[in-house]
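Student: Could you take me through a close look at one residue and its surroundings?

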Amino acid sequence: MTSALGEHIESVPMVDHHVHGCWLHAPDRISFENGLNEANTEPLADFDSAFDTQLGFAVRAHCAPLLGMQRHVDADTYWARRCEWAEADLARRFLTTANVSDWFVDTGFATGAADLGELSALAVGTVHEIVRLESVAESAIALPGDYASAFETLLRERAAGAVATKSILAYRGGFAGDLSEPSATEVAEAAARWRDSGQDRLSDRVLLRFGLHQALRLGKPLQFHVGFGDRDCDLRTTNPLYLLDFLRRSGDTPIMLLHCYPYEREAGYLAQAFNNVYLDGGLAINYLGARASAFIARLLEMAPFRKILYSSDGFGPAELHFLGARLWRRGMLRVLEGFVDSGDWSERDAIRVVDLIAHGTARRVYRLA
């Protein structure tokens with residue numbers, strides 16, 4: 001028998017507060033399988049298959065029925081049927097079925113994926129922009145004159161219509177080390193070094209620090225990639241506990257810790273310790289597949305329930321935008337039904353927490369109408 005909790009989780013609309021564009025042009029199979037692997041930045045080995053992972057099994061279990069197949073069809077059958085669909089039609093089907101009302105899109109890494117206008121044209125929900133700080137810096141350094149002034153002007157312009165900013169500091173040296181605001185002289189000297197180097201990619205710690213503090217002044221939520229990501233990210237230095245000193249200086253600006261695996265407990269502690277710190281399970285839920293419910297349970301251990309949000313971090317295959325929601329719903333049901341059945345939670349409270357995480361907290365923090 002379906003419970004009121006189960007019915008509510010299945011139908012609740014969600015705000016995906018961190019996501020990227022989906023593909024609108026059909027990939028070949030090698031590219032598709034690479035799109036199901038977050039960590040490996042090279043084509044998968046000849047002997048390997050992304051279908052033989054938790055995420056690959058989840059695709060075959062949950063995405064196959066949306067394309068007219070039985071659950072758990074083999075990988076070749078799934079791929080053959082997928083190829084019968086136009087990529088835009090696949091995107092529309094998967095994103096619509098996710099039942100997401102609002103998509104917050106990080107536009108800093110959009111190679112080959114739908115941009116804001118193209119996502120809006122799919123008519124799958126309201127699309128909002130997240131401005132990546134490192135992208136602003138890489139535009140500012142190309143302009144003549146004072147780097148700091150150029151960065152501040154560009155950031156204000158780009159963030160004016162955006163819901164948040166985001167930093168990929170985790171990929172540019174990690175959180176360990178000094179994150180205090182640099183002086184004007186330090187910024188000018190670092191900008192000169194960067195220009196002289198001829199490099200396009202921002203990696204200078206001084207300028208990374210400068211961008212973070214400029215984002216704090218905007219007052220809009222500031223997102224950080226935390227933990228698991230591709231191999232450019234040194235997982236050891238993406239433990240959010242290294243952000244402690246920065247958080248003590250962050251004032252009232254909401255700080256959003258994204259993904260968090262395998263540091264979800266550390267992130268939960270920080271969400272309890274600081275009024276302005278929030279977290280989600282984002283990227284990790286897709287890649288954990290059938291084990292996502294255990295991860296969701298850990299998210300609910302220490303973090304206050306009003307400090308947890310939902311995201312998929314989908315990028316590339318539209319399956320990821322759908323699966324984030326599908327696996328979150330299944331995981332939440334398994335965890336919360338256990339709490340209710342044991343008598344530790346009331347069903348009423350469980351439903352209220354679902355609403356907070358699915359959309360309520362995001363609407364409050366990001367000031368959605």
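Tutor: Happy to! A polar contact here is a pair of N or O atoms within 3.5 Å; within protein, one must be able to donate a hydrogen and the other to accept it, and residues adjacent in sequence count only if both atoms are side-chain atoms. This is a predicted model, where local features need pLDDT of at least 70, side-chain atom pairs count only at pLDDT 80 or more, and totals for chains, interfaces and linings use all residues. Residues are numbered from 1 along each chain as its sequence is written, and side-chain values use heavy atoms, leaving out hydrogens and water.

Let's settle on Asp 204. You will find Asp 204 in the loop between helix H9 (184-197) and helix H10 (205-218); helices are DSSP runs of H or I with at least four residues, numbered from the N terminus. Asp 204 has a relative accessible area of 18%, so this residue counts as buried (under 20% relative accessible area, with a 1.4 Å probe and protein chains only).

Now for its neighbours. Leaving aside residues up to four places away in sequence, Asp 204 touches Ala 190 and Arg 193, where contact means heavy atoms within 4.5 Å. With Arg 193 there is also a polar contact, side chain to side chain, at 3.2 Å. On another side of the story, a polar atom of the Asp 204 side chain lies 2.8 Å from the backbone nitrogen of Val 206.

Finally, for a sense of scale, take Gly 229, which is 25 residues from Asp 204 along the chain: the C-alpha atoms of these two residues are separated by 20 Å.

Terms used: Helix = DSSP H or I, 4+ residues; strand = E, 2+ residues; numbered from the N terminus. Buried < 20%, exposed > 50% of the residue type's maximum accessible area, 1.4 Å probe, protein only.
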